[in-house]
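Please open the model in your viewer and keep the selection tool at hand.

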Amino acid sequence: MALAGLLWCVAALLVLRGRADEHEHTYQDKEEVVLWMNTVGPYHNRQETYKYFSLPFCGGSKKSIGHYHETLGEALQGVELEFSGLDIKFKDDVMQTTYCEIDLDKPTRDAFVYAIKNHYWYQMYIDDLPIWGIVGEADENGEDYYLWTYKKLEIGYNGNRIVDVNLTSEGKVKLVPNTKIQMSYSVKWKKSDVKFEDRFDKYLDPSFFQHRIHWFSIFNSFMMVIFLVGLVSMILMRTLRKDYARYSKEEEMDDMDRDLGDEYGWKQVHGDVFRPSSHPLIFSSLIGSGCQIFAVSFIVIIVAMLEDLYTERGSMLSTAIFVYAATSPVNGYFGGSLYARQGGRRWIKQMFVGAFLIPAMVCGTAFFINFIAIYYHASRAIPFGTMVAVCCICFFVILPLNLVGTILGRNLSGQPNFPCRVNAVPRPIPEKKWFMEPAVIVCLGGILPFGSIFIEMYFIFTSFWAYKIYYVYGFMMLVLVILCIVTVCVTIVCTYFLLNAEDYRWMYGLFQTSFYFGYMAVFSTALGIMCGAIGYMGTSAFVRKIYTNVKID
């Protein structure tokens, strides 16, 4: 346990090491201010990015810097910070100064022409504030191409902090082979009234994220919750009372009347409804993983609501990784206890499957995309050291904590406590209408949960795939709560329909392209596992409740 605790601390420091030595964002007069060059890529595809100096840009003459930092989240997101070499000091204006020359031979010119044709632009950072600039532009006929050679920086400060940065690209120079192009820059400092806490407000888009459609979607989802809760609590409960009354009358009949009577409904499958699933190991691992994903989603959203994670590069991803590792006991507890209640004996194998189910899916997809990114020399390629760090977190943090959760789950809630005993011989499934088949109910049951979140998914995906910063995490928390309620209500209703039909069975059911479909598949699978786990928890409590309140011979 001491070794596990030590490894846990090391992993926590590894994930959050960027927080430990992050710049304090305060400067003395004439103190060095670093301009970081990040990535360059086409405007119309945010995910396709390359190192800034993969284009034949030249850097400044200044080689020594005062600080450097990079977090695990930055590395996974393809943040490639490289020192610009420009000499910038706090509150020290710099007139237009040439910092390097580019020898425009044919390969260099062809590289710039290709970048201009594809609308390449680049990203820089000053004091964690992002700056964007365009590489160049073509004339109206598309015959001549021009490079912007003059970076005009205007930096706003409030006290001893930087609160605003603006870049103006000037000095349009025609790309002529076998010539030299001089690159220059200037820095103008100005006093600003913007508070340091509000300096990222200029990057947000309230008109987009707080549009009336967004508010209407929340209201629509809220009305759906009221409808479903009313359906479950009023209509379904009233139906159950009638079922209880009918079953009570049947108990008062003698054996001959009961045999001549028309017995039907969910009571008839009481000896099979708690039968273990056909694949308990996989099922329990999925439930445990879904519970962990829900815990991670809930905690990360709470942290994002309290802290502006979008102001720190890669902080959202770093926080998610840290929280996922910390909540591994949740996976082990729910997965291990469910597997024990279903009579599973290979609990160590179940623990391994549950611990590595989501990491293997995410890492497998990421590593596959990584090979494509390496082939294209993209900045999205994950460094080997980062891969090793992620693997160490999986083996030395997630696995031991999952083991602790599994042991606790098996010992605290691993004993079967079903209200009805399970028959030795399975009951035959009667014929029923096509729309009462489990596959049909699964498809129809997913419509309402999807309808409750699809508008919010639009805003989330827009911020992920386009140039938007998502910041309305209060909306996200509300939608998560709505999704949980809708999922639980829908699964309870669907389960009741199946049980009433006397069906006790478990329900069954190159670079840019791969990047999009790969990560969308991971997101969709994780969301499906989470919703499945939430639905199982709700409907399991419902089934236990109704069979507890009925007398069984």
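Select Trp 121 together with Ile 134 of β6, the residue that it stands opposite. This is a predicted model, in which local features need pLDDT of at least 70 and side-chain atom pairs count only at pLDDT 80 or more, while totals for chains, interfaces and linings use all residues. Residues are numbered from 1 along each chain as its sequence is written, and side-chain values use heavy atoms, without hydrogens and water.

Now extend the selection to strands β5 (residues 120-126) and β6 (residues 129-134). Strands are DSSP runs of E with at least two residues, helices are runs of H or I with at least four, and both are numbered from the N terminus. The two strands run antiparallel and are joined by six bridges; pairing requires at least two bridges found by DSSP. β5 and β6 form a hairpin with two residues between them, and Asp 127 in the turn has a positive phi of about 55 degrees.

Next, display the aromatic rings. Rings of Phe, Tyr and Trp (for Trp, the six-membered ring) pair when their centres lie within 6.5 Å; planes under 30 degrees apart are stacked, over 60 edge-to-face, and the rest tilted. The structure holds 25 such pairs. Select Phe 57 and Tyr 122: this pair is edge-to-face, with 6.3 Å from centre to centre and 70 degrees between the planes. It links distant parts of the chain, 65 residues apart, with Phe 57 in the loop between β2 (50-51) and α3 (72-76) and Tyr 122 in β5.

Are these two residues buried or exposed? Phe 57 has a relative accessible area of 10% and is buried, and Tyr 122, at 4%, is buried as well. Buried means under 20% relative accessible area, exposed over 50%, and partly exposed in between (1.4 Å probe, protein chains only).

Then select Trp 121 and Trp 132. Their ring centres are 6.4 Å apart and their planes are at 25 degrees, so the pair is stacked. Because Trp 121 lies in β5 and Trp 132 in β6, the pair ties together parts eleven residues apart in sequence. Trp 132 is partly exposed, at 34%.

Finally, select Arg 313, which lies over the face of Tyr 125 at 4.5 Å from the ring centre. A charge sits over a ring if NZ of Lys or CZ of Arg is within 6 Å of the ring centre and within 35 degrees of the ring normal.
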